[in-house]
Amino acid sequence: MKILFLCGGIGKRMYPLGEDKFLFKFIGKELILHHIDHLKELGLKEEDFVFVCNPVNIEKLKQLCGEDAEYAVQNKPKGMADAVLTAKDLLHGEGILIVNPNDVFEPSAFEKILKKKEGYSVILGHKVDKYFPGGYLIIEEEKIKSIHEKPGEGKEPSNLVNIVVHLHRNSDEFIKYLERTESEQDDVYERTMDQMMKDGFDFRVVEYDGFWTAIKYPWHIFNVMDYFLKKIDTQVLNGIKVPESAKIEENVIIEAGAKIFENVVIKGPAYIGKNCVIGNNSLIRGSHIGDRCVVGYSTEIKHAYIGDDCWFHTNYIGDSIIGNGCSFGSGAVTANFRFDEKNIPVKIENVQIDTELDKLGCIMANNCKVGVNTSIMPGVRIGANSIIGAGTVVTRDLEPNKFLFLKGGQILKENRMELRDKKKERMDRITRG
Amino acid sequence: MKILFLCGGIGKRMYPLGEDKFLFKFIGKELILHHIDHLKELGLKEEDFVFVCNPVNIEKLKQLCGEDAEYAVQNKPKGMADAVLTAKDLLHGEGILIVNPNDVFEPSAFEKILKKKEGYSVILGHKVDKYFPGGYLIIEEEKIKSIHEKPGEGKEPSNLVNIVVHLHRNSDEFIKYLERTESEQDDVYERTMDQMMKDGFDFRVVEYDGFWTAIKYPWHIFNVMDYFLKKIDTQVLNGIKVPESAKIEENVIIEAGAKIFENVVIKGPAYIGKNCVIGNNSLIRGSHIGDRCVVGYSTEIKHAYIGDDCWFHTNYIGDSIIGNGCSFGSGAVTANFRFDEKNIPVKIENVQIDTELDKLGCIMANNCKVGVNTSIMPGVRIGANSIIGAGTVVTRDLEPNKFLFLKGGQILKENRMELRDKKKERMDRITRG
Amino acid sequence: MKILFLCGGIGKRMYPLGEDKFLFKFIGKELILHHIDHLKELGLKEEDFVFVCNPVNIEKLKQLCGEDAEYAVQNKPKGMADAVLTAKDLLHGEGILIVNPNDVFEPSAFEKILKKKEGYSVILGHKVDKYFPGGYLIIEEEKIKSIHEKPGEGKEPSNLVNIVVHLHRNSDEFIKYLERTESEQDDVYERTMDQMMKDGFDFRVVEYDGFWTAIKYPWHIFNVMDYFLKKIDTQVLNGIKVPESAKIEENVIIEAGAKIFENVVIKGPAYIGKNCVIGNNSLIRGSHIGDRCVVGYSTEIKHAYIGDDCWFHTNYIGDSIIGNGCSFGSGAVTANFRFDEKNIPVKIENVQIDTELDKLGCIMANNCKVGVNTSIMPGVRIGANSIIGAGTVVTRDLEPNKFLFLKGGQILKENRMELRDKKKERMDRITRG
């Protein structure tokens, strides 16, 4: 049995974040390593994994997933069929489990599909209770007869949606079929399966009603973050010292090396990476924070995903995704709620997308620097290596490698104010009570 | 005995706040209900109350004061005499106690005047120890001989000022006199009393040296707030949970349903309405906060009157009056002190009024929204339903239903900074201590 | 023995701070009083001190140093020789110890030089381990043969640098030599010593390897502050009350009369002057704060030197020097770190000086006022009595007596937003957890 991870695609809709969604880290490791570790727990070994990469991510993947695994390079992303065919030489007739590593689901999905005895091919069918624009499985007498793509709400032929966790028991035969399919059009993989079903191959479903989400847009990171955070059910503090005045709730993980200062409150679920510094009075809640971050004095981080090596100082970071190596000056704030309380839209390739979130802060790529007293409006996306000057109100997306700052707008006069000094009187007011 | 509340006037000088000052809530109920409850404690019943309303407030008053009371509508505010005459048909020769519900005084004032046996009419005389621009009572042999309006400082004929808590023992006779007074000019009511005194009616004074204030301008709300807060002498927490790290002083009332988070400090006197949320590290002192407010993370509310349903998040709200349903983005601040430390003036109908306050923040009507990192200058008045964009410095009054925001003023360049990364070194500095 | 303090110079490079560096207060007293007290501990008396002043500082010096000491006025600063000659009439052949009071060193330097028996003149020689642009002592057989000014790195003739703590055992003879030296050129004092060495006078060195620094530029205040703070090794609280929730570290001095509020943290080393108020949640670390300061709610003061009578309220003051009588509105912030992480330069008399500090906030003279939500960029110098309006970003130095504020740049429109009210729903989210 080979596990075929489809890692060659390029997630343009993830701008300004990295395109390889499976490389986002959760609870200390990359998403793809979560998949791999779950499969290893089920008995698979490093040499059982085959990665279809692209020229950019192959080195990173090798480094992460080990030299005993096998790697094929898909030079341009041309769909699932092409991805599987790219790995053709690494497959030798054994069973293959094709996995889209940008999907997130419970480990039980792997277990169920690997334990399934019946069927020539087995497809993970996600039980849905409301319409989802995916491929619905049409089942007759326990067998999948066909897949109906996006039937439209109210016209669903079943409540089972196709998830790319597909088991085919003979890779040679499956590849032969793939090669035979007319490839000038789209959806070669889907049409191949359809043809096989028509030709009488026994396609089975494994019904799955656990968590499932796909990362398409940056804000889907929140779904995945929430999924992983929700699993934290006991406190793990790795021997760090917590001052008496600080309060860490039960469902919080803090990795080793952290320094926690006075009056810190961490409300679960929350994850804090290695060697972080959490400064006085800071409040972290429902958030996922990477390694070596400094959450400075009096900062609130609320439902945010923060990369590694980020620095904060007296900030409010709410419902935001912040890349690695970003820093925020004192008083910088992410606004995360519209005055009209509507959902926050994001423009992607000139199309306004409804994020379906009424709370969304900013989405910031790696190595950005934000000046003191800066305000970033809801849903703003900041490209990598960009800098925002002090006091700026950022209302639009910023491309990578930009520097946005205030233009003059000040008046300098002689100070002719007759200054008084009521300090003593005011001091008396204070000290009286 | 009927109690005649004069509720028909329109307080234009209260802009931008509501015109019916007696509807402001203190310690959980409207000012007029405080009057009513004090009178009920002295034996009066709902059916003893008569309200002279205007077309706008009658429904609200009925709802508050009950259907057994009686209501007359004064279509246009035309002074006290007109107000009393409006209620003529509801009066039948019994004694009447005429009360201006926008005045605030101790319940003992009612008690004293109701217990007074002597006199055909009885007037509450407020003992003053410095000049007040009101009507001074001229008394000879225990009887009021005349009232001298605004005699000027140093020319006061007595130290007793006329407060509109007036008892007349026969409403028919008093109304007859009112109707007889020439009504083309102003001050019909005052001239009527003057005529009656001349005609030998026995007017008596009840001397009163307790608290008294009239609400004319918005900032008078502070006087009333301070009066009610000062009466809080024991802690009432209604069974709410207070975290160990929070500190609530003794002279604080918190209504039921509140959630208090870590490190909150509430310094008395203070009142907090029903179902509020007081977020981590927040400090409330000398303030009155309505129902269902959220005082978010690290917010200071100092000597402020806050309506219902307001939201705050990392703000400083000092010496301010905030209407119902307002919200403040993180980092928004009310400046409450001039650089020159002078009293803060407010322009009302084009006249600069000295508020006599050197600490005054903003006066904000209902349903306003304030963006993140906004600064509101001392004494600024914001009309209802107005919105202030992020990062704005508000130096002037805003009319209702406005949207004020920043106009561009930014420069976008390529980022050509040679970025270093001293994070490790800086982290070492921190962790070293 | 007379101690001759050279106090007549004018430190222009100290702009915008006061020119008399020896008047800066550390640990409750002026720098010059530290020198005097150390000398008194070694047996010297008030009448042994001679101050060469200028017309501006003589009164202040008399007031500080006592009427029994002697004072000479140098009308214009014309170098060390002129300074000594100014005091000629106050000297009568006894030994003189010439001290530059703007230098800071351990008291042991005085002790060592006063105990030295040998030599006609004795010079304090600071042992350096890297190049310092000063005068290097050339020594042969225990005697100083010459002083080599700024030899250049790598060309140092010794590791001993001349510090102006100079003992001459016969003032008459020394003055005679001074008067004989050609005074049209510079460095009369240095040339005099050189001539005396050539003439065979026995000049000795006292080697000193303790702390030494000279205050030339404003940011050198940090060196002196750090020196004095480092000496704090036990907590001195002068009987002030510390709330249970506050935490004062061991190496902290708080003078009498302070009020410390809840959740305050003071991390040593730190010094806090008399009658200060430290408000809720404030954090002070590595800082020196003068008398009667109010460090208001939720303020962080980090490695800063703060004068007397300063007021702060929700600020971040980092690596800054703030004069007396300054106040900061809520949300005002000193930025102390460049985006490019380079050292912060300061322009002095049109020359860009590298402060050699990568963390430097602002340098502010006396009696400045800073509005709410103001941002001051790293290294900015603000002249005395200047005011900065709310929301301003200060990127350049400000001269004294200026008023800098924002110019318009706002748009006022009708508010046509369709406002919703999700407050209830949001409140539910909060109270759920």
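This is a predicted model: local features need pLDDT of at least 70, side-chain atom pairs count only at pLDDT 80 or more; totals for chains, interfaces and linings use all residues.
Residues are numbered from 1 along each chain as its sequence is written, chains are lettered from A and ligands numbered from 1 in the order in which they are written, and side-chain values use heavy atoms, with hydrogens and water left out.

Two copies of a chain are related by a rotation about an axis and a shift along it.

In chain B, seven strands make up an open sheet with parallel pairing, in the order β15-β18-β21-β24-β27-β32-β35. Strands are DSSP runs of E of at least two residues, helices are runs of H or I of at least four, and both are numbered from the N terminus; two strands pair if DSSP finds at least two bridges between them. Strands β15 (252-254) and β35 (381-382) of chain B stand at the edges with a single partner strand each, so one side of each is left without a neighbour in the sheet. Within this sheet, β18 (residues 270-272) and β21 (residues 288-289) of chain B pair in the parallel sense over two bridges, and Tyr271(B) has His288(B) as its bridge partner in β21(B).

Chain C likewise contains an open sheet of seven strands, ordered β15-β18-β21-β24-β27-β32-β35 and paired in parallel. Its edge strands, β15 (252-254) and β35 (381-382) of chain C, each pair on one side only. Strands β24 (residues 305-306) and β27 (residues 321-322) of chain C are joined by two bridges in the parallel sense, with Ile306(C) opposite Ile322(C) in β27(C).

Helix α1 (residues 31-41) of chain A has as its buried residues Leu31(A), Ile32(A), Leu33(A), His34(A), His35(A), Ile36(A) and Leu39(A), where buried denotes under 20% relative accessible area (exposed over 50%, partly exposed in between; 1.4 Å probe, protein chains only). Just after α1(A), Gly43(A) adopts a positive phi of about 105°. In helix α6 (residues 188-198) of chain C, the buried residues include Val188(C), Tyr189(C) and Thr192(C); α6(C) is followed by Gly200(C), with a positive phi near 95°.

The contact between chains B and A (heavy atoms within 4.5 Å) takes 43 residues from chain B and 53 residues from chain A. About 4,100 Å² is buried between them, 57% of it on carbon and sulfur atoms; buried area is the accessible area (1.4 Å probe) that two parts lose on being put together, summed over both. On the side of chain B, Tyr297(B), Gln410(B) and Lys423(B) lose the most area to chain A, together 15% of what that side buries. Four salt bridges are counted between chain B and chain A, each a side-chain nitrogen of Lys or Arg within 4 Å of a carboxyl oxygen of Asp or Glu. Lys369(B) forms a salt bridge with Glu341(A), with the closest N and O atoms 3.1 Å apart.

Chain A and chain C bury about 4,200 Å² between them, 58% of it on carbon and sulfur atoms. The count between chain A and chain C is four salt bridges, and the side chains of Glu341(C) and Lys369(A) meet in a salt bridge at 3.1 Å, N to O.
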